[in-house]
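Dear colleague,

I am passing on the structure below, together with notes on what turned up in it. Please read the notes with the model open beside you.

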Amino acid sequence: DNDRFMVTNDNGLSTWTLNNSVAYSGYDCASIANFGLTDATKDELISGTIDLSSVSTSDPLVFNFRYAYNRKTSTDDDWLRFYVSKDCGETWALRKQFHGSTLSTDISATAFVPTSEDDWTVVNVTNITSDYFVSDFRYKFEFENEGGNNIYLDHINMYPESMTGIFEAENPTGLSVYPNPTANNFMISFVANAESSYEICIYDAIGNKVEVLYLGMLANGLNSLEFSLANLSSGVYLSLI
């Protein structure tokens, strides 16, 4: 447990852990070594509390994530569910769920490990309504095993829709932040389109600029910079260049 995520482990066996050998990009993701487990137990990855009370009710919330998963056989029926809460986790509302062939049509008879970006599926959650724009918002992923395979989560993003155009217009290519999530130092890597002056900023989940990480010249091509979270309180943040 930490102030960003906590885990519930239903069977005391394999559960959500930080995997530093596989990721969609960067170095880390969350995963469960689920290969062959059949006891139908549920493991939860639960976010810390996020203050969304300043998000405009007219500004839809964008939430997306990526997962990688293959079934072990064609009869497996593992479940992945996504929930949100507006009362700090006292109650939960289901917003997305996948199982069986809707979770994946691919089959791996051995323990599955993603090896390319093509192994990852992007999920867009579009039904987080404005009554969830509260100070005690949380989200969670729940995985229920039923004979299947390993599962991996990465690239969890949340921001108001009004910020979408900013990200698309201004971000250099190949932007990655890792490890993500992190509690200490982190790296930002990206390909600059030209040698120029850049500003690298941190925004909170509702679009407020909370810190300028870097302001100055950067070279054309690949740039990798290390930063610290020492000056930030717990929460969900977005990087913008």
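**Strands, sheets and rings**

Strand β4 (residues 42-47) and strand β9 (residues 138-144) run antiparallel to each other and are joined over five bridges, where strands are DSSP runs of E of at least two residues, helices are runs of H or I of at least four, and both are numbered from the N terminus; two strands pair if DSSP finds at least two bridges between them. Within this pairing, Lys42 has Glu144 of β9 as its bridge partner.

Before going further, please note that this is a predicted model, in which local features need pLDDT of at least 70 and side-chain atom pairs count only at pLDDT 80 or more, while totals for chains, interfaces and linings use all residues. Residues are numbered from 1 along each chain as its sequence is written, and side-chain values use heavy atoms, with hydrogens and water left out.

The β4 and β9 strands belong to an open sheet of five strands, ordered β1-β4-β9-β6-β7 and paired in the antiparallel sense. Its edges are formed by β1 (5-9) and β7 (93-99), each of which pairs on one side only. From one strand to the next the twist averages 15°, taken between axes that are lines fitted to C-alpha atoms (for helices over the stretch in contact), with angles that run from 0 to 180 degrees between N-to-C directions.

Since Phe5 lies in strand β1 and Tyr139 in strand β9, the pair ties together parts that are 134 residues apart in sequence. Phe5 is buried at a relative accessible area of 16%, and Tyr139 is buried at 3% (buried means under 20% relative accessible area, exposed over 50%, partly exposed in between, with a 1.4 Å probe and protein chains only).

Tyr24 and Trp120 also form an edge-to-face pair, at 6.0 Å centre to centre and 75° between the planes. Tyr24 lies in the loop between β2 (17-19) and β3 (29-32) and Trp120 in strand β8 (residues 120-125), so this pair ties together parts that are 96 residues apart in sequence. Tyr24 counts as buried at 16% relative accessibility, and Trp120 is buried at 7%.

Ring pairs also link Phe5, Phe63, Phe65, Phe82, Tyr139 and Phe141 into a cluster.

For the protein chain overall, the secondary structure comes to one helix and 16 strands, and 46% of its 241 residues count as buried.

Definitions and conventions
Rings of Phe, Tyr and Trp (its six-membered ring) pair if their centres lie within 6.5 Å; planes under 30 degrees apart count as stacked, over 60 as edge-to-face and the rest as tilted.
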